[in-house]
Structures are given as C-alpha cells and as structure tokens.
Amino acid sequence: VVSTLERGAAPHRGRGGMRRSPDVSPRRLSDISPQLRQLKYLVVDEAIKEDLKWSRSVEDLTSASVGLTSIEERILRITGYYGYQPWAASYKRDERSRESPAPAEAQMQAGAEGGGRVNRCCWKCSVTQLKKIFWGVAVVLGVCSSWSGSTQLAKLTFKKFDAPFTLTWFATNWNFLFFPLYYLGHVFKSAEKQSPKQRYRECCRFFGDNGLTLKVFFTKAAPFGVLWTLTNYLYLHAIKKINTTDVSVLFCCNKAFVFLLSWIVLRDRFMGVRIVAAIFAIAGIVMMTYADGFHSHSVIGIALVVGSASMSALYKVLFKLLLGSAKFGEAALFLSVLAVFNVLFVTCIPVILYFTKVEYWSSFDIVPWGNLCGFSILLLTFNILLNFGIAITYPTLISLGIVLSVPVNAVVDHYTSEIVFNSVRVIAIIIIGLGFLLLLLPEEWDVWVIKLLTRLKVRKKEEIPEGNGDITSGLPNKSRRTRPSMSSFAH
C-alpha cells in the first residue's frame with residue numbers, strides 16, 4: 001500500500017531541492033482516497049474493533065478516534081498531500097477537545113451539578129424537618145404541661161370551691177378568645193390583610209352558603225356545645241372522685257372510642273392493630289376498676305371518665321360527619337361560637353345549681369378567682385395547641401403530649417396524695433398507654449414495615465457479593481488489557 005501511495009503521490013521539488021506547496025489538486029486527492037479508505041477500513045476492522053470488543057467504556061472510543069486521526073496524518077505527511085498543515089490539524093484537534101470535553105468528564109460535571117442540587121435539596125429538607133421536630137418538642141411540652149397543669153389545678157380548686165359545672169361554664173366562656181387570637185395571627189402573618197368583618201364572612205362559609213344563620217346555629221353549633229360541656233363537666237366531676245393519674249390515663253381511651261365510632265359511623269378503613277388497641281383500652285379500664293377493689297367512689301369516678309372520653313369521641317366523629325374538615329380560621333370561629341352558645345343557653349344551669357344548693361358558695365369573696373382563671377388559661381392554651389399545633393409540627397407529636405401527662409400526674413400524685421401504685425394499676429396504665437400509642441400508627445404502617453424489611457434484606461445480600469466482586473472483577477480487566485496487546489503483536 002505504501003509503495004502504491006509513493007508512486008501515486010510524488011512530491012514536487014523546486015530549485016535547491018526545497019518542497020513547494022502548490023494549490024490543492026482534486027485529481028491528486030481522488031488518487032489517494034481509495035487507499036485512505038482501505039487503510040481506515042483495515043485499521044478499524046483489525047485493531048480498533050478488537051479494542052472496542054473488550055472495552056465498552058467511552059475512553060476507549062475516544063482513544064480509538066485519536067489513533068485513527070494520527071494514522072491519517074502520517075499517510076498524508078508521507079504522500080506529501082499538497083496543502084496539508086500538521087500544526088493546523090493538531091490545533092483543531094486540541095481546540096475540539098477543549099470545546100467538547102470527554103463524555104466521562106461531561107458525565108462527571110453533570111453528576112457534580114446534580115449531586116450539588118440533591119445535596120441542597122436534602123439540606124433544605126433536613127432543616128425543615130429539624131424545625132418541625134424542634135417545634136414538635138415545644139408543642140409536646142406545652143400540651144403536656146397545660147393538660148397536666150389544668151388537671152392538678154382543678155383538683156386543688158375543688159378543695160375550696162366544690163362546683164365542677166360552674167368551673168366548666170366559666171372555662172368554656174374563654175373560648176370566645178379563639179377568633180380574636182386567630183385574627184391577630186392573620187394580621188401579623190398574612191400578606192393580604194383583611195378587615196375583621198371580611199375575615200368573619202369568609203370563615204362563615206364553613207357553615208354553608210348562607211353563612212351562620214339561626215338555623216345553622218341550632219342545628220350545627222348547639223349539639224357540639226352540649227357535647228363540649230358534657231365532656232369537660234364529666235372530666236372535672238371525675239377528678240373529685242378519683243386521683244388525677246387514673247383520670248388522665250382513662251381519658252386516653254377516647255382515641256380507641258374515636259376509632260370504633262369512625263369504623264361504624266364513617267365506614268373508615270378496618271385496621272387490626274387498632275382493634276387490638278381498643279381491646280387494650282377496655283382491658284385497662286377493667287383493670288383500673290379492679291385496682292381499688294371496686295369501691296363505689298372509684299367505680300363512679302371511672303364511669304365518669306369513660307363517659308367524658310365517649311363524649312369527646314362522639315364530638316370528633318360528628319364534627320367530621322356533619323361539618324367535615326375545617327381550616328384554622330373556621331375552627332377558631334367555630335370554637336368562639338361554642339362560647340356564645342355557652343353564654344346564651346348554659347348560663348341558666350349554674351344559676352339553678354346555685355339556688356338549689358347543689359353547687360353553693362356562701363359569698364363571692366371565698367371564690368378562688370386565681371385558680372379559676374389559671375385553670376381557664378391552661379385549658380385555653382391546651383385547646384389552642386391541640387387545634388392549631390399542626391400548622392408547625394406533626395399531629396402525632398401533639399397527641400404524644402396527652403399520654404405524657406400521665407407520668408407527670410403520677411409523680412405529682414405520689415408526693416401530694418395517698419395513691420398506691422400496686423401491680424394492677426401499673427399494668428393498667430401500661431396497657432392503656434400502649435393502646436394509645438398503637439392508635440397513633442398511620443394507616444399504611446404495615447406497608448412501610450415491609451419496605452423497610454425488604455431494604456434490609458437487599459443490603460445484606462449486597463454485602464456478600466461486594467466482597468467477592470473485588471476479587472473476580474480483576475480477571476476481565478486483565479484479559480481486557482492483554483487482548484489488544486496480543487492483537488497488536490500479531491500485526
């Protein structure tokens with residue numbers, strides 16, 4: 001082939017033996033083009049194709065194209081192809097390599113940029129989750145302290161002021177502050193500020209197209225006002241009969257009652273783990289009754305707490321059935337409407353109890369106003385955190401605050417009362433607490449557990465082949481490196 005090229009493309013020489021570079025001759029180019037194609041075909045077919053067979057990486061493709069280009073340059077230099085400038089070709093090649101980076105480098109750059117974006121997203125997600133967890137801990141502490149504090153303060157108040165229904169009526173009137181407090185938050189946080197009248201009208205749409213009419217007030221607000229009053233009154237009346245530890249732990253059964261009523265009335269999804277939690281709650285109630293030996297006062301107190309938990313569960317299920325889900329402003333307006341109902345229609349009951357001497361006090365001077373106001377503020381704080389805490393943290397963390405109030409009340413009762421923590425009472429507390437925690441599990445908890453176990457199994461299986469893969473991976477690489485060298489020696 002070389003001899004043919006030398007015969008077909010002899011260089012022109014001028015005086016002094018110097019090579020001249022005349023204009024490019026198309027005829028001369030057509031003469032050597034078959035030989036170039038033949039050489040290119042031979043090189044690719046025997047050398048480079050063999051390399052590509054054993055190496056699938058992008059780097060081998062790049063090196064093969066570079067080798068092919070260098071062979072073409074040698075042929076053109078040997079044949080003396082007129083107009084060929086080797087420095088221009090190399091310059092273009094370098095410029096081309098600079099302009100378009102290698103595929104591996106491009107992949108590395110794209111991976112680095114993608115990794116940077118992923119890292120930034122992960123960082124933002126982690127910061128958001130940390131903020132939610134931080135606020136969740138604060139809300140849990142607030143719910144626990146306000147609920148246990150209101151329970152202990154009510155117990156202390158009954159020593160001087162034995163009027164549980166009057167205390168319920170007085171504390172419910174403080175619910176009127178819900179909507180004004182919400183509007184203050186709206187003014188400070190919202191970008192588009194509205195007047196109180198505009199905000200009120202917008203929140204009234206929750207009751208229907210006509211807003212809060214007299215019919216809606218008696219059909220949708222009044223029943224919940226009755227349930228609210230019964231829930232708080234039965235809870236406070238139970239505190240007079242039994243210790244606060246038993247009251248707080250038995251009230252945790254309302255979660256189980258909510259599930260049972262939702263399953264029956266709302267046709268919610270059946271979950272076996274929640275049925276087990278409901279059984280735990282019922283078993284804990286029976287064991288709690290047995291812990292004091294079935295005395296009359298303890299049985300009545302336990303019945304009152306169970307009734308309070310049932311009224312609370314009925315309130316939540318009926319709210320979801322009749323009104324659905326409410327936004328923050330709508331919930332605040334609804335709770336303020338309950339306070340209006342309490343003032344208009346429940347005020348007569350404490351008056352009747354006072355004149356019938358069921359809840360009687362000799363003069364208003366002996367009324368512990370500090371305890372009444374303190375209890376009302378703590379109960380208002382508890383309801384605010386319970387209803388609006390989901391704006392800053394997870395609902396599950398809020399519910400944990402209720403169950404954590406049980407050990408707080410137990411410690412206080414241990415030092416301030418004559419409570420006996422026998423084995424039956426301790427087991428009952430543990431069973432009810434466990435049932436409460438089981439009810440906090442999400443609906444798809446079983447799917448998450450299966451996915452977690454599957455990932456753990458896959459990781460365990462990957463650990464064993466990785467150790468063997470390091471030993472065996474060297475064999476194909478070694479053969480891949482030796483094959484091209486053998487083919488080059490064969491040529």
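## A walk from core to surface

Start by selecting Leu236, Leu250 and Phe375: of the 58 residues in the largest nonpolar core, these three touch the most other members. A nonpolar core here is a set of buried Ala, Val, Leu, Ile, Met, Phe, Trp, Tyr and Cys residues joined through side-chain atoms within 4.5 Å. Buried means under 20% relative accessible area, exposed means over 50%, and partly exposed lies in between (1.4 Å probe, protein chains only).

Before moving on, a word about the model: it is predicted, with local features needing pLDDT of at least 70 and side-chain atom pairs counting only at pLDDT 80 or more, while totals for chains, interfaces and linings use all residues. Residues are numbered from 1 along each chain as its sequence is written, and side-chain values use heavy atoms, with hydrogens and water left out.

**Stop 1: Phe375.** Show its surroundings and you will find contacts (heavy atoms within 4.5 Å) with Ser150, Leu153, Ala154, Leu167, Ala171 and Leu236, leaving aside neighbours within four places in sequence.

**Stop 2: Thr244.** Now go to helix 10 (residues 244–251), where Thr244 sits; helices (H or I, at least four residues) and strands (E, at least two) are DSSP runs, numbered from the N terminus. Is Thr244 buried or exposed? Thr244 counts as buried because its relative accessibility is 1%.

**Stop 3: Leu214.** Select Leu214 in helix 9; this leucine is exposed, because its relative accessible area is 63%. Helix 9 (214–241) and helix 14 (328–346) each supply at least two residues of a nonpolar patch, and helix 14 gives the largest share, 4 residues.

**Zoom out.** Finally, show the whole protein, with its 20 helices and 0 strands. Of its 491 residues, 35% count as buried. Among contacts with a separation of 6 or more, 81% are between residues 24 or more positions apart.
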